Amino acid sequence: MKIQEYVSLANFTTWKVGGPAEWFAEPTTIHEIKYLINWAKSQQINCQIIGAGSNLLINDAILPGLTICLKKFQGSAINSNTGIVEANSGEPLPTLSRRVAKAGLHGLEWAVGIPGTVGGAAFMNAGAQGNCTSDILQSIQAISLKGGDEFRLSQKELNYSYRKSRLQKEEFLVLSVRFKLEAGHDKHSLNKVTTQNLQQRLNSQPYDLPSCGSVFRNPKDNKAGKLIESLGLKGFRIGGAEISKVHANFIVNSNDATANDISQLILVIQEKVKQSYGILLLPEVKKLGF
């Protein structure tokens, strides 16, 4: 298993920002993942996990410890009769969405435009169009970052709520996710809906510049993007970070932005929305190294 030193993490995030990882590896098998966890333990250094690097802001400074990128840990097993799908944590959500639609399984059409991995979706309880991961997730297979055996956690044990899960509080690495989808649906209809969902996202969200997806969670009975837009903040920028002119809940890297530019812009948005509406917008974005 190749463990590299001082690898730039900007190449592994959808925002295209982030400093170097002190140690970095991209496992492709469970055996390699276990080796890396044990190696970090023997070196007495921390482990942090990244997937596709969406919904993630990594500091510009050196990120200490071992960064494990699961983007190459892909694969899925689809049972078109039972609707049970088991996918490795590095499997891209759009890819899985397409595959299950072609198998006649309903329940993941909404995920086709989310630029993340299956593991990231389970971690964040990712969602779109009124749907979320926890609606279809049956269980996960995981391992402790402190070392040890694999274990399975049910949906109930993961304590899901809006964009939250137990995984955000504990040092687990998600190995695979088991979904329960509805079998027996028309493949052509599912493919049509999936394509329409993707087109809708492409039309309403900025895909021409690097971003992380939605920056803020929607407050109860409101939309973060509408609150930000109502304050005339579209196009407002700090350094190379800019509030998208297409969708105000997106911050885009318009010109060599730094992680600090983005972090400062997030704070400014929070402050202005709080002053005007008394609402504190909570970021969906996970931060590393801050």
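Predicted model: local features only at pLDDT ≥ 70, side-chain atom pairs only at ≥ 80, totals over all residues.
Student: What describes a pair of aromatic rings?

Tutor: You use the distance of the centres and the angle of the planes. Take Trp23 and Trp39: their ring centres are 5.3 Å apart and the planes stand at 70 degrees, so you call this pair edge-to-face. The cut-off behind that name is an angle over 60 degrees.

Student: Where do Trp23 and Trp39 lie?

Tutor: Trp23 belongs to strand β2 (residues 20–25), while Trp39 is in helix α1 (residues 30–43), so the pair ties together parts 16 residues apart in sequence.

Student: Is Trp39 buried or exposed?

Tutor: Trp39 counts as buried, because its relative accessibility is 15% and the cut-off for buried is under 20%. Trp23, at 22%, is partly exposed.

Student: Which way do the rings of Phe151 and Phe172 pair?

Tutor: Their centres are 5.1 Å apart and their planes are at 70 degrees, so that's edge-to-face. This pair links distant parts of the chain, with Phe151 in strand β11 (residues 150–154) and Phe172 in strand β12 (residues 172–180), 21 residues apart. Phe151 is partly exposed at 24% relative accessibility, and Phe172 is buried at 16%.

Student: What sits over the ring of Phe290?

Tutor: That's the charged end of Lys287, 4.9 Å from the ring's centre.

Notes: Residues numbered from 1 in each chain as written. Heavy atoms only, no water. Phe/Tyr/Trp six-rings, centres within 6.5 Å; stacked < 30°, edge-to-face > 60°. Helix = DSSP H or I, 4+ residues; strand = E, 2+ residues; numbered from the N terminus. Buried < 20%, exposed > 50% of the residue type's maximum accessible area, 1.4 Å probe, protein only. Lys NZ or Arg CZ within 6 Å of the ring centre and 35° of its normal.
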